[in-house]
Amino acid sequence: MTEDYTHPEVLVETEWVAQHLNDPDVRLVESNEDFLLYETGHIPGAVKVDWFTTLQDSVRRDFVSKEEFEALCSKLGIANDTTVVFYGDKSNWFATYALWLFKYYGHEEVRIMNGGRAKWIRENRPLTKNIPNYLKTAYKAKGPDPQIRAFRNEVFAQVENKLPLVDVRSPREYSGELLHMPDYPQEGAMRGGHIPGAVNISWSKATNEDGTFKTSAELRKLYADQGITADKQIIAYCRIGERSSHTWFVLKYLLGYPDVMNYDGSWTEWGNLVNAPIEK
């Protein structure tokens, strides 16, 4: 039951979304790994936010600036008090990535649709190819929140102080056998392995086969068994920060851990960083 989570308000079910399709105070945002999936059919009224072309800076390896984020939200008809509900493919993996960036720029009301696209489709709920057009708003973002984003110097400090790091990649990426996810092109890092002291808890272990999140009790045991508990500062990472945003969401909102950061530089930075320590 979602009520068992520390912050159950951040998770909504498909039925809740169905009841709010025409709610002007709610904006549905679809964010997928598959760039073309939205165009094949999406929840009526949903807008598309692509993790790469929409949220990433076109030149620097970084996210869009505060001003660019404001322009994006304004264009999508998102106001500062809009409740933004994210969903997508792959058990909401990129939906949580988009939510994390919205929180980074201080948006208050965010939600994840439990089960994502697959659950909506499985329940034979409506899809459309119509692209919505909303009235432009005058969105004003807050400054970046340093409490939820880790940079490499903070990771070095985490290693030195022997504080918890969660590597949410697959076991073969963690071991250094692969430089990328299984069945994906092996690119992006010069070296394989993991950050010293990191434990391996794959992001996908937090979800059921149908893409919904596991129970609070199951999740607490999953992380506590590996020493990832609420009394410690925790940094999660993966390859580029997208899978680790999923774990960040689970730890921070579903389990209520007070001090969790996502290291979006992740292995593509650490595995290419001169003189950075690596374990295999």
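1. Does V166 count as buried or exposed, going by its relative accessibility? With 0% relative accessibility, V166 counts as buried (buried is under 20% relative accessible area, exposed over 50%, partly exposed in between, with a 1.4 Å probe and protein chains only). V166 has its place in strand β6, residues 165-167 (helices, H or I, of at least four residues and strands, E, of at least two are DSSP runs, numbered from the N terminus).

2. A quick word on what you're looking at. This is a predicted model, where local features need pLDDT of at least 70 and side-chain atom pairs count only at pLDDT 80 or more, while totals for chains, interfaces and linings use all residues. Residues are numbered from 1 along each chain as its sequence is written, and side-chain values use heavy atoms, with hydrogens and water left out.

3. Back to V166 and its surroundings. Setting aside neighbours within four places in sequence, V166 is in contact with V199, I201, I228, I234, I235, A236 and Y237 (contact means heavy atoms within 4.5 Å). Y223 is 57 residues away from V166 in sequence, and their C-alpha atoms are 9.2 Å apart in space.

4. Now the aromatic rings. There are 19 aromatic pairs in the structure (rings of Phe, Tyr and Trp, the last by its six-membered ring, pair if their centres lie within 6.5 Å; planes under 30 degrees apart count as stacked, over 60 as edge-to-face and the rest as tilted). One of them joins F69 and F102: the ring centres are 4.8 Å apart and the planes stand at 80°, so this pair is edge-to-face. F69 sits in helix α2 (residues 66-75) and F102 in helix α3 (residues 93-104), so the pair ties together parts that are 33 residues apart in sequence. Both F69 and F102 are buried.

5. Another pair to look up is Y97 with W100, which is stacked, at 6.3 Å centre to centre and with 10° between the planes. Y97 and W100 are 3 residues apart in helix α3, so about one helical turn separates them. Y97 and W100 are both buried.

6. After α2 comes G77, with a positive phi near 75°.

7. Which rings have a charge over them? The charged end of R27 sits over the ring of Y134, 3.5 Å from the ring centre, and K48 lies over the face of F35, 3.7 Å from the ring centre (a charge sits over a ring if NZ of Lys or CZ of Arg is within 6 Å of the ring centre and within 35 degrees of the ring normal).

8. What lines the largest pocket? Its lining has 23 residues, and Q56, R61, D264, G265 and T268 lie nearest the centre (on a 1 Å grid over the protein atoms alone, a pocket is an open set of points where a 1.4 Å probe fits, with protein on both sides within 12 Å along at least five of seven lines; lining residues have an atom within 4 Å of a point). Helices α5 (152-160) and α9 (266-270) each supply at least two residues of that lining.

9. K48, L72 and Y134 are among its lining residues, and β3 (47-48) and α2 each supply at least two residues of the lining.
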